[in-house]
Amino acid sequence: MSRNSSKKPVGFATHITAGGIAGACEALTCQPLDTIKVRMQLSRSGRTPGTKARGFIATGISIVQRETPLALYKGLGAVLSGIVPKMATRFASFEAYKGWLADKSTGQTSVGNIFLAGLGAGTTEAVVVVTPMEVVKIRLQAQQHSLADPMEAPRYRNAGHAVYTIIREEGIATLYRGVSLTALRQATNQGANFTAYQEIKKFAHRVQPELTELPSYQHMIIGLISGAMGPFSNAPIDTIKTRLQKATATPGQSAFQRIMAIASDMWKQEGVRSFYKGITPRVLRVAPGQAIVFAVYERVSTMIERMRPTTIEDDRYSE
């Protein structure tokens, strides 16, 4: 019997609560880094021969000076409104896929199947929640108006107004622009993320057999390491996706043609380095973000489960 054999299976309500709280903590902590990342990805700086693209710190300073520090939190409403269903979908679908892929005789899930479960979870959250949320978020973050000047009215006032305006002017399908790239990015992110997290966590338990539960700081370290793997593997996908979701549709041009046009323009005008624009703030946002998510999720879900009778065997993360 395993270390967690006295626990009940984590219920869907636990995924919603723990995942929502974890996601909100991540968003409030890391949103400024995401705004800087989006601005860097949308920037055309560095196109002129002999000039360099604006860096991470310079971009952040420029936003604060021109638009006030609060501008670093543009798009936060869209993120917070989507974070609960996003995290609930991520953890609940991962557990479901992992259960379906487990060995029926032992109940154990192999490393390869954990990766497949992560791919499935990332794809599911991308289609259900992430794509429309990111279209709205990127539109809000791309607005370079000063929050200190009430006369400088933005195109989109808030997340709700952005959704209304986008649907009215461009159609509801616009909210799903870039869904294929988003699904590919989220799938690779969560495949690497969950696989690394669970394997490192199992290793931590093996070298510390006396611990029933890992302390929160260890969950944070493991989440930090696992969270850094995705951005390096799919940075070009994320940059193309950001530019695709910022742009308005060209009549008669398919999604694939738009993707190829954006990639070709980046390659010709800005070079290969343009595909990695924003990689620094993205890693600085995603890795600590995953550290926060896993630490808070593990802590909150454990607290919730301890409030319930514990009789049914569960190997949530420790097989």
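Reader: Before we discuss handedness, what makes a helix crossing left-handed or right-handed?
Author: A crossing is left-handed if the near helix is turned anticlockwise from the far one by less than a right angle, and right-handed if clockwise.

Reader: Which hand does the crossing of α4 and α6 have here?
Author: In this predicted model, α4 and α6 cross in the right-handed sense.

Reader: Which residue classes make up that contact?
Author: The contact of α4 with α6 has twelve nonpolar residues, eleven polar ones and four charged ones.

Reader: At what angle do the axes cross, and within what distance do they come?
Author: The axes of α4 (residues 111-141) and α6 (residues 179-207) cross at roughly 140° and come within 6 Å. The two helices are therefore oblique to each other, since over 145 degrees would be needed to count as roughly antiparallel.

Reader: Let us step back. How many helices and strands are there?
Author: The chain has nine helices and zero strands. Its pattern along the sequence is α-α-α-α-α-α-α-α-α. Of the 319 residues in the chain, 52% are buried.

Reader: Returning to α4, where does the helix bend?
Author: The bend in α4 is at alanine 126 and comes to about 55°. The end C-alpha atoms of this helix of 31 residues are only 38 Å apart, whereas a straight helix would reach 45 Å at 1.5 Å a residue.

Reader: And α7, where does that one bend, and by how much?
Author: Helix α7 bends by about 75° at asparagine 234. A proline, proline 236, follows within four residues of that position.

Reader: A backbone matter next: what is the phi of threonine 68?
Author: Threonine 68 has a positive phi of about 80°, although it is not a glycine. The residue is in the loop between α2 (56-67) and α3 (76-101).

Reader: Is threonine 68 buried or exposed?
Author: Threonine 68 has a relative accessible area of 18%. It therefore counts as buried, the cut-off being under 20%.

Reader: What about isoleucine 36; where is it placed?
Author: Isoleucine 36 is in helix α1 (residues 12-42). With a relative accessible area of 7%, isoleucine 36 is also buried.

Reader: How far apart are isoleucine 36 and glycine 60, in sequence and in space?
Author: Isoleucine 36 and glycine 60 are separated by 24 residues in sequence, and their C-alpha atoms are 5.9 Å apart in space.

How values were computed: Residues are numbered from 1 along each chain as its sequence is written. This is a predicted model: local features need pLDDT of at least 70, side-chain atom pairs count only at pLDDT 80 or more; totals for chains, interfaces and linings use all residues. Side-chain values use heavy atoms; hydrogens and water are left out. Axes are lines fitted to C-alpha atoms, for helices over the stretch in contact, and angles run from 0 to 180 degrees between N-to-C directions. Angles under 35 degrees count as roughly parallel, over 145 as roughly antiparallel, 65 to 115 as roughly perpendicular and the rest as oblique. Ala, Val, Leu, Ile, Met, Phe, Trp, Tyr, Cys and Pro count as nonpolar, Asp, Glu, Lys and Arg as charged, and the others, Gly among them, as polar. The bend at a residue is the angle between axes fitted to the seven residues ending there and the seven starting there. Buried means under 20% relative accessible area, exposed over 50%, partly exposed in between (1.4 Å probe, protein chains only). The expected span of a helix is 1.5 Å times one less than its number of residues.
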